[in-house]
Amino acid sequence: MKKYFFFAVLPLLCLASCKSQKSVSASVPARVEDGIIVLETPAREPGQESALGMACDPIDTVRVGFVGIGGRGTAAVQRFTFLDNVEVVALCDLDSSRVDICNSILTSAGLPAAQGFVGEEAYRQLCEMEDLDLVYIATDWLDHVPVAVYAMNHGKHAAIEVPGAMSIDECWQIVNTSEKTRRHCMMLENCCYDFFEMAALNMAQQGLFGEVYHVEGAYIHYLAEDWGFSETWRIDYNMTHRGDNYPTHGLGPIAQVLDIHRGDKFDYLVAMDTPSYNGKKAAKRYRDSEECLDGDHTISLIRTGKGKLVEVQHNVYAPRPYTRMYQLTGTEGFANKYPSAGIAVKSINGHDYVPQPVMDSLLNAYKFDFVKEIEEKAKTVGGHGGMDFIMDYRLIYCLHNGLPLDQDVYDAAEWSAVQELSRISLENGSMPVRFPDFTRGDWNVVDGFHFAFKQ
Ligand SMILES: NC(=O)c1ccc[n+]([C@@H]2O[C@H](COP(=O)([O-])OP(=O)(O)OC[C@H]3O[C@@H](n4cnc5c(N)ncnc54)[C@H](O)[C@@H]3O)[C@@H](O)[C@H]2O)c1
């Protein structure tokens with residue numbers, strides 16, 4: 001019997017235990033625990049405190065430095081010429097012609113030219129400037145966090161384009177640095193400021209949809225055709241990274257509706273993807289490569305702590321119309337933005353959308369007051385129809401008035417985290433992955449998502 005145990009049973013037991021301890025490839029230590037992948041939460045350093053609801057001293061004139069002034073950064077510089085009590089004091093890019101272009105935007109608007117910095121590491125000099133309050137980062141994805149962390153460590157607030165961070169480790173880096181330095185780190189999720197989404201958020205907050213329990217968001221945008229000549233870093237990233245590589249446009253607005261880390265939390269995620277079809281064709285065409293790790297269509301499902309369902313999709317390869325989905329289902333109503341916006345309310349007719357005139361009056365009635373005030377100017381300045389300007393306006397308004405920002409560092413981490421979490425789930429047969437709690441247990445302390453205003 002002893003012999004049988006050693007030669008037959010023991011190897012099987014070893015195999016079973018090896019199987020249950022399968023190593024998980026992740027940017028932070030990870031393990032499988034009771035059928036779910038769990039990522040390690042780093043301990044806070046001494047003196048580091050929660051940044052929930054963090055407000056900093058008001059800044060009368062916000063002095064801004066831009067790092068990364070390609071397509072998106074240049075458009076932001078242009079928008080900033082329309083903001084009051086703001087000075088663009090520094091511009092940084094790898095390419096000096098980008099600095100010249102942005103300086104000509106400033107001088108054409110009657111503003112002084114900004115100090116220029118050129119080169120891969122030149123952002124360090126910009127962040128070290130004494131007369132600077134905010135570093136606005138619109139580089140390619142891999143430089144977002146190194147610049148933001150350096151900026152905060154040098155006493156500056158950071159605003160980062162989307163996605164804010166590209167791994168769980170990077171998510172913790174921005175959380176830990178913001179908590180330690182007491183500097184803001186906002187991800188510039190402009191889709192939270194689109195007009196339909198903001199009105200629908202207000203409707204949800206006022207109870208028009210009852211209990212909202214299922215939400216959908218997406219980034220479905222046919223980019224593959226453009227990649228050869230514009231966003232070259234993006235195709236390189238997608239070729240080498242499986243998962244939802246751009247989750248925040250879809251996720252941001254629906255996370256605000258669910259009060260994520262303000263009463264509810266993302267609990268766990270499972271992901272599935274298709275093979276790469278058009279992604280591989282783009283890789284072949286533009287990079288002469290046979291490989292594209294990103295599946296053409298990726299779906300991530302997240303269950304919240306309260307048991308609600310979140311669905312996020314990513315597809316930048318299909319010849320189909322643009323959509324961010326944005327769908328809310330509640331016990332009393334429903335909102336849907338794409339392909340055409342509609343609202344259904346049980347008390348009117350739960351089987352159909354309300355007629356267009358009713359919807360128009362609902363959208364008007366539920367418009368936030370600050371949107372009413374800034375809407376006309378935002379539509380004139382533009383940026384995705386005005387939402388980009390509203391985002392910049394709110395960022396500067398909160399800094400002027402020493403208020404907590406609309407999107408805090410935990411939002412940046414949670415919404416960006418879907419990139420690596422979806423990759424981990426996909427690589428492990430769609431196994432559930434526990435969502436890191438970037439608030440370290442404080443997800444239920446703040447009572448709902450709200451915009452802050454001066455009293
Ligand atoms: N929110 C939106 O709607 C939206 C739209 C487009 C792009 N984006 C985001 O904006 C960012 C930039 O995208 P883009 O389309 O402008 O790309 P882009 O390639 O046009 O611009 C990136 C710029 O960053 C510069 N850069 C790279 N590394 C740098 C460094 N270390 N220091 C200084 N400059 C550096 C490059 O030279 C380039 O000019 C990305 O994160 C992207 O996801 C957001």
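How do the residues of the shell around the ligand divide into nonpolar, polar and charged? In this predicted model, the shell divides into eight nonpolar, nine polar and seven charged residues. The ligand has 24 residues around it, and those that come nearest are Arg-72, Asp-93, Trp-141, Val-162 and Trp-233. Two elements of secondary structure, helix α2 (71-80) and strand β4 (86-93), each supply at least two residues of this shell. Both domain 1 (62-188) and domain 2 (191-369 + 408-434) take part in the shell, with at least three residues drawn from each.

A polar backbone atom of Arg-72 is 2.7 Å from an oxygen atom of the ligand. A nitrogen atom of the ligand lies 3.1 Å from a backbone N or O atom of Glu-120. With Glu-161 the side chain is involved: one of its polar atoms lies 3.2 Å from a nitrogen atom of the ligand. The ligand taken alone exposes 850 Å², of which the protein buries 86%.

Tyr-219 belongs to strand β9 (residues 212-220), whereas Tyr-322 is in the loop between β12 (309-315) and β13 (327-330), so the pair ties together parts that are 103 residues apart in sequence. The two partners fall into separate accessibility classes: Tyr-219 is buried because its relative accessibility of 6% is under 20%, while Tyr-322, at 32%, is partly exposed. A stacked pair is formed by Phe-368 and Phe-370, because the planes of their rings are at 20° and the centres 5.9 Å apart. Both Phe-368 and Phe-370 are buried. Ring pairs also join residues into a cluster, made up of Trp-141, Tyr-219, Trp-233, Tyr-237, Tyr-246, Tyr-322 and Tyr-338. Trp-141 and Trp-233 of this cluster are also among the residues that come nearest to the ligand.

Helix α7 (residues 195-205) is mostly covered, with ten of its eleven residues buried. The buried residues of α7 include Phe-195, Phe-196, Met-198, Leu-201 and Met-203, together with Glu-197 and Asn-202. Ala-199, Ala-200 and Ala-204 of α7 are buried as well. After α7 comes Gly-207, which has a positive phi near 90°.

Thr-274 is found in the loop between β10 (266-273) and α10 (278-287), and its relative accessible area of 31% makes it partly exposed. Asp-408 occupies the loop between α14 (387-400) and α15 (409-427). Its relative accessibility is 13%, so Asp-408 counts as buried. The side chain of Asp-408 makes a polar contact of 3.0 Å with the side chain of His-261.

Most peptide bonds are trans, and most residues other than glycine have a negative phi. The bond from Val-162 to Pro-163 is cis, with omega near -15°. Pro-163 is placed in the loop between β7 (157-160) and α6 (168-181), and Val-162 is among the residues that come nearest to the ligand. A cis peptide bond also leads from Tyr-338 to Pro-339, here with omega near 0°. Pro-339 lies in the loop between β14 (333-336) and β15 (342-345), and Tyr-338 is a member of the aromatic cluster.

Positive phi values occur at Asp-288 and His-384, neither of which is a glycine. The phi of Asp-288 is near 50°, and this residue lies in the loop between α10 and β11 (298-304). Asp-288 is exposed because its relative accessibility of 58% is over 50%. His-384 has a phi of about 50° and is located in the loop between α13 (369-381) and α14. With a relative accessible area of 53%, His-384 is likewise exposed.

Note on methods
Residues are numbered from 1 along each chain as its sequence is written. This is a predicted model: local features need pLDDT of at least 70, side-chain atom pairs count only at pLDDT 80 or more; totals for chains, interfaces and linings use all residues. Side-chain values use heavy atoms; hydrogens and water are left out. A residue is near a molecule or strand if one of its heavy atoms lies within 4 Å of it. A polar contact is a pair of N or O atoms within 3.5 Å; within protein, one must be able to donate a hydrogen and the other to accept it, and residues adjacent in sequence count only if both atoms are side-chain atoms. Accessible areas come from the Shrake-Rupley method with a 1.4 Å probe; for residues, only the protein chains shown count as cover. Helices (H or I, at least four residues) and strands (E, at least two) are DSSP runs, numbered from the N terminus. Ala, Val, Leu, Ile, Met, Phe, Trp, Tyr, Cys and Pro count as nonpolar, Asp, Glu, Lys and Arg as charged, and the others, Gly among them, as polar. Domain bounds come from an automatic or database domain assignment. Buried means under 20% relative accessible area, exposed over 50%, partly exposed in between (1.4 Å probe, protein chains only). Rings of Phe, Tyr and Trp (its six-membered ring) pair if their centres lie within 6.5 Å; planes under 30 degrees apart count as stacked, over 60 as edge-to-face and the rest as tilted.
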